[in-house]
Amino acid sequence: MSATVPAAETIPTVDQDEFDAVLASEARPVLADFTASWCGPCAELAPRLEQFAAAEGGRVRVVAVDVDASPELSARYDVVAMPTLILFAGGVPVLRLSGPEDLATVAAGLDALDAMDALGALEEESSLSAPGRLGRGPRAARLLRFKGRGPGVIITPEQSAGQSAGQGGQVDTVIDVPAGHTTFGMVSDADELGSLTGLDPDALDSLVVHSETPLDLAPVLRLTGLSDLSLDAPGIGTAEAGQLATLRNLRSLTLTNPDGDGEGEISPEVLRELRAALPHTEINGQWALPALRHLLADDASGDQDGQGDQEAGQTVEGALAARRRGGEAVTAYVTVRVPEGAHAFAPGSPEGLPVSVSLPESSPWRLVGEPVFPHTADAKLSGTALIVLELAGPADRSELDLDLEARVQTCADGSCHPPVTLRLGCVPTG
């Protein structure tokens with residue numbers, strides 16, 4: 001008998017008061033779809049989101065926010081691209097995706113929240129890690145003083161003209177910014193980038209930097225008041241990503257072309273460094289609590305050697321993250337990604353070999369209780385599954401590695417593959 005596909009559910013559009021009431025009263029996580037009537041990708045997402053709401057209605061409430069009808073909500077959560085999906089738990093954002101290709105990451109996020117809630121870890125994680133997106137209030141009047149030829153600048157809601165002014169024999173560009181206005185700068189070459197050295201650290205709100213050659217980021221790193229930054233330039237690696245930690249007020253970062261190949265691909269290593277350096281910043285349209293970062297694209301972590309001879313198209317992937325909870329307590333998050341069309345087995349399954357997680361005999365860590373697996377009606381795991389473990393270990397906060405093994409068997413189309421062993425490692429944080 002084939003599975004019944006739930007009927008699509010109409011998603012209500014809410015205004016600010018209704019949205020706040022939902023967040024305050026809803027016990028389930030809330031998924032907000034920030035959308036617009038003129039947005040083509042939003043229209044493409046809508047039918048899939050309605051099916052998702054029907055299928056997952058037991059554990060999530062889905063609402064839509066029209067950014068044109070409720071601009072105060074889009075401003076509150078810094079939504080500038082549509083569609084943007086924000087998953088809330090306990091009234092605070094825990095996962096954010098802009099222009100998602102599918103809803104698998106949201107479903108995996110719900111699995112993770114279920115597991116964290118079962119361990120009582122969700123409230124602590126949210127209170128420690130929720131991004132500070134409260135804004136800084138109306139901007140005061142200020143002068144933008146560029147050394148030499150300044151970059152292009154847009155000032156909203158009104159355009160203010162620049163003027164030349166002599167300073168120590170150097171002709172500078174000075175722009176008067178009225179109170180309550182925001183500034184958007186555009187840099188297209190090294191000369192324009194150098195002109196930023198005359199600015200006060202909080203002079204610009206947003207900055208776009210484009211270059212076909214590597215740049216010295218020092219002038220950008222001075223602008224600690226930046227809220228939004230877009231870097232389209234080669235030569236940005238893990239070292240440069242770590243330097244961006246100085247921009248602690250940054251709410252949004254877009255990074256493209258770090259290798260100069262024009263493809264805009266960012267290595268997983270650079271992404272991990274950026275997310276560690278800027279834990280409260282949306283990076284390339286994505287953000288998540290530290291415990292959920294493994295769900296984001298290209299952010300797998302851990303050593304995945306020793307996976308056995310896996311057949312093409314049937315590769316099982318794994319990742320490991322861990323957070324100290326005080327004293328000897330550590331919560332570990334094991335992510336297992338099962339190939340499309342295949343499934344693995346949770347403990348209690350009447351068929352197949354269930355996924356098992358174990359520590360090496362020589363490990364200084366020990367398991368406390370049993371691992372928590374995602375709850376499914378048939379004990380089958382598909383897509384991305386999160387397994388949560390409580391551990392005890394050394395009480396000191398030194399960088400002691402955590403290593404473990406996950407043994408996974410997958411089945412598809414009536415046949416099962418030999419189990420593979422994923423050897424995963426990380427250093428607990430927190």
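Here is a short chat about how some features of this predicted model get their labels.

User: Before we start, what are the ground rules for this model?
Analyst: It's a predicted model, where local features need pLDDT of at least 70, side-chain atom pairs count only at pLDDT 80 or more, and totals for chains, interfaces and linings use all residues. Residues are numbered from 1 along each chain as its sequence is written, and side-chain values use heavy atoms, with hydrogens and water left out.

User: What makes Cys39 and Cys42 a disulfide?
Analyst: The label goes to a pair of cysteine sulfur atoms within 2.5 Å. Those of Cys39 and Cys42 are 2.3 Å apart, so the pair qualifies. A search of the whole structure finds one disulfide. With 80° about the S-S bond, the link of Cys39 and Cys42 is right-handed.

User: Why is Cys426 called buried?
Analyst: Buried means under 20% relative accessible area, exposed means over 50%, and partly exposed is in between (1.4 Å probe, protein chains only). Cys426 comes out at 14%, so it counts as buried. Cys39 and Cys42 are buried too.

User: What makes a group of residues a nonpolar core?
Analyst: The members have to be buried Ala, Val, Leu, Ile, Met, Phe, Trp, Tyr or Cys residues, joined through side-chain atoms within 4.5 Å. The largest such core here has 33 residues, and Leu31, Leu49, Phe52, Leu87, Val94 and Leu292 touch the most other members. Helix α4 gives the most to this core, with seven residues. By the way, helices (H or I, at least four residues) and strands (E, at least two) are DSSP runs, numbered from the N terminus.

User: How do you know that this core lies between two domains?
Analyst: Domain 1 (16-101) and domain 3 (318-426) both give residues to it, so it sits between them. The domain bounds come from an automatic or database domain assignment. There's also a second, separate core of 32 residues, which includes Leu199, Ala203, Ala241 and Leu250.

User: What makes β16 and β21 a pair?
Analyst: Two strands pair if DSSP finds at least two bridges between them. Strand β16 (residues 329-337) and β21 have nine bridges, in the antiparallel sense, so they pass. Thr331, for one, has Glu390 in β21 as its bridge partner.

User: Why do β15 and β19 count as edges?
Analyst: The open sheet runs in the order β15-β16-β21-β19, with antiparallel pairing. β15 (317-326) and β19 (366-367) each have a single partner strand, so one side of each is left without a neighbour in the sheet.

User: How do you know that the buried residues of α9 line one face of the helix?
Analyst: In α9 (residues 268-277), Val270, Leu271, Leu274, Arg275 and Ala277 are buried. Seen down the axis, the buried residues of α9 fall within an arc of 165°, so they line one face. That arc is taken from the directions from the helix axis to the C-beta atoms. They pack against α8 (238-243), β12 (252-256), β13 (282-283) and β14.

Definitions and conventions:
Contact means heavy atoms within 4.5 Å.
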